Amino acid sequence: MHVERARCFASEFVSAFQQEGCKFFTNGDWAGPGAYAWGALTDAVFDGGLIAYGPNVSACLWVEEDD
């Protein structure tokens with residue numbers, strides 16, 4: 001998938017959960033330079049995701065890449 005299309009999907013996903021009480025979780029630690037680490041959830045070479053958890057609705061956006 002082209003990077004701009006992926007950014008659009010991610011932006012739409014996050015925007016859909018901009019409500020009070022909604023929290024986001026991921027399997028990665030993306031804070032600061034050199035702090036990139038993640039705990040894989042699939043057998044893919046790379047995977048990452050975002051879970052949105054709210055008072056009325058929850059969802060999961062997961063992506064993976066295999067070489």
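## The largest pocket

β5 gives the largest share of the lining of the largest pocket, 4 residues. This is a predicted model, where local features need pLDDT of at least 70, side-chain atom pairs count only at pLDDT 80 or more, and totals for chains, interfaces and linings use all residues. Residues are numbered from 1 along each chain as its sequence is written, and side-chain values use heavy atoms, with hydrogens and water left out.

The pocket's volume is about 430 Å³, and 13 residues line it, with Ala6, Ala10, Gly48, Leu61 and Val63 nearest its centre. Two or more lining residues come from each of α1 (3-15), β4 (46-53) and β5 (58-65). (A pocket is an open set of points on a 1 Å grid where a 1.4 Å probe fits, with protein on both sides within 12 Å along at least five of seven lines; lining residues have an atom within 4 Å of a point. Helices are DSSP runs of H or I, at least four residues, and strands are runs of E, at least two.)

Glu4 pairs with Arg7, their closest N and O atoms 2.7 Å apart. Both sit in helix α1, 3 residues apart, about one turn.

Glu4 is partly exposed because its relative accessible area is 46%, while Arg7, at 51%, counts as exposed. (Buried means under 20%, exposed over 50%, partly exposed in between, with a 1.4 Å probe and protein chains only.)

Conventions
Points joined across faces, edges and corners; volume = space filled by probe spheres on them. Salt bridge = Lys/Arg side-chain N within 4 Å of Asp/Glu carboxyl O.
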